[in-house]
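Thanks for asking me to look this one over. Here are my notes, as numbered points, for you to read alongside the model.

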Amino acid sequence: MKKIYLLLFTFVSMTSMAQHFTKEEKARIHSGDRKQKMKVIQITEPSELNILQSVSKDINPIDKDLTALLERMYLAVTDPEDGGVGIAAPQVGINRNVIWVQRFDKSGEPFEAYINPVIIWRSKLLRKGNEGCLSIPDRSGDVFRNYTIRLSYQDIKGVKHEEIIEGFTAVIFQHETDHLNGILFTDRLEEQTKNTYHSINNETSLYLEDRLKRQ
């Protein structure tokens with residue numbers, strides 16, 4: 001019985017700490033029909049760049065306006081002409097911790113939504129791969145990302161989950177959760193110029209920041 005009360009207390013605490021959408025956020029979410037994609041903002045516009053560089057806040061998973069935001073974000077990321085493999089709420093002008101990610105590690109490669117996602121562990125093994133961004137036109141670059149991550153998140157019912165994710169799908173999660181912290185992939189490109197990476201062998205794109213200790 002105590003365990004049940006503890007779980008209920010934890011759930012209530014998590015959902016109460018997460019705020020609801022502001023009046024301004026609601027206006028943006030409902031600025032168009034729910035069957036119409038939201039505009040993806042760009043770094044080329046100073047006011048939009050400010051949003052992209054801001055740290056986002058948690059949202060209550062049971063907020064009644066979240067469904068509309070998710071639907072319109074989904075339409076944006078799956079647009080046949082301008083879509084991608086992931087999108088974060090800041091990219092549609094909403095500084096909230098909400099993302100969509102295409103799960104290339106699952107059958108059918110579905111898009112899935114994640115509420116208040118946090119990467120709680122990262123492997124030392126790194127993967128280098130080319131990245132672009134829906135909010136950064138005509139720019140791409142090779143970014144070093146952790147090969148494996150452990151992700152904590154909530155679903156739309158507010159239930160908390162943890163999951164280990166690897167490979168390219170883990171890269172997408174890192175790119176999108178970076179957006180939630182106001183970090184762009186171009187920031188990562190600049191950051192990694194200050195680091196040294198050591199290839200495991202010449203046939204893979206796997207690296208370590210620290211050299212392996214030889215026996």
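**Notes on the predicted model**

1. Let me begin with the second largest pocket: its lining divides into six nonpolar, seven polar and two charged residues. In this count Ala, Val, Leu, Ile, Met, Phe, Trp, Tyr, Cys and Pro are nonpolar, Asp, Glu, Lys and Arg are charged, and the others, Gly among them, are polar. A pocket here is an open set of points on a 1 Å grid over the protein atoms alone, where a 1.4 Å probe fits, with protein on both sides within 12 Å along at least five of seven lines; lining residues have an atom within 4 Å of a point.

2. A word on the basis of all this: it is a predicted model, where local features need pLDDT of at least 70 and side-chain atom pairs count only at pLDDT 80 or more, while totals for chains, interfaces and linings use all residues. Residues are numbered from 1 along each chain as its sequence is written, and side-chain values use heavy atoms, leaving out hydrogens and water.

3. The volume of the second largest pocket is about 240 Å³, taken as the space filled by probe spheres set on the points, which are joined across faces, edges and corners. Val85, Gly132, Cys133, His175 and Glu176 are the closest to its centre among the 15 lining residues. Two elements, β4 and α5, each give two or more residues to this lining, and α5 provides the largest share, five residues. Helices (H or I, at least four residues) and strands (E, at least two) are DSSP runs, numbered from the N terminus.

4. Now to helix α6 (residues 185–192), where Phe185, Thr186, Arg188, Leu189 and Gln192 are buried, meaning under 20% relative accessible area with a 1.4 Å probe and protein chains only (exposed is over 50%, partly exposed in between). These residues lie on the same side of α6 because they cover an arc of only 155 degrees around the axis, judged from the directions from the helix axis to the C-beta atoms. Their cover includes β4 (126–133), β5 (136–146) and α5 (167–180), with contact meaning heavy atoms within 4.5 Å.

5. Finally, the aromatic rings: the whole structure holds seven aromatic pairs, with ring centres of Phe, Tyr and Trp (its six-membered ring) within 6.5 Å, and planes under 30 degrees apart called stacked, over 60 edge-to-face and the rest tilted. Tyr74 and Phe111 are edge-to-face, at 6.0 Å centre to centre and 85 degrees between the planes. Tyr74 is in helix α4 (residues 66–77) and Phe111 in strand β3 (residues 111–122), so this pair ties together parts 37 residues apart in sequence. Tyr114 and Phe173 are also edge-to-face, at 4.9 Å and 75 degrees, and both are buried.
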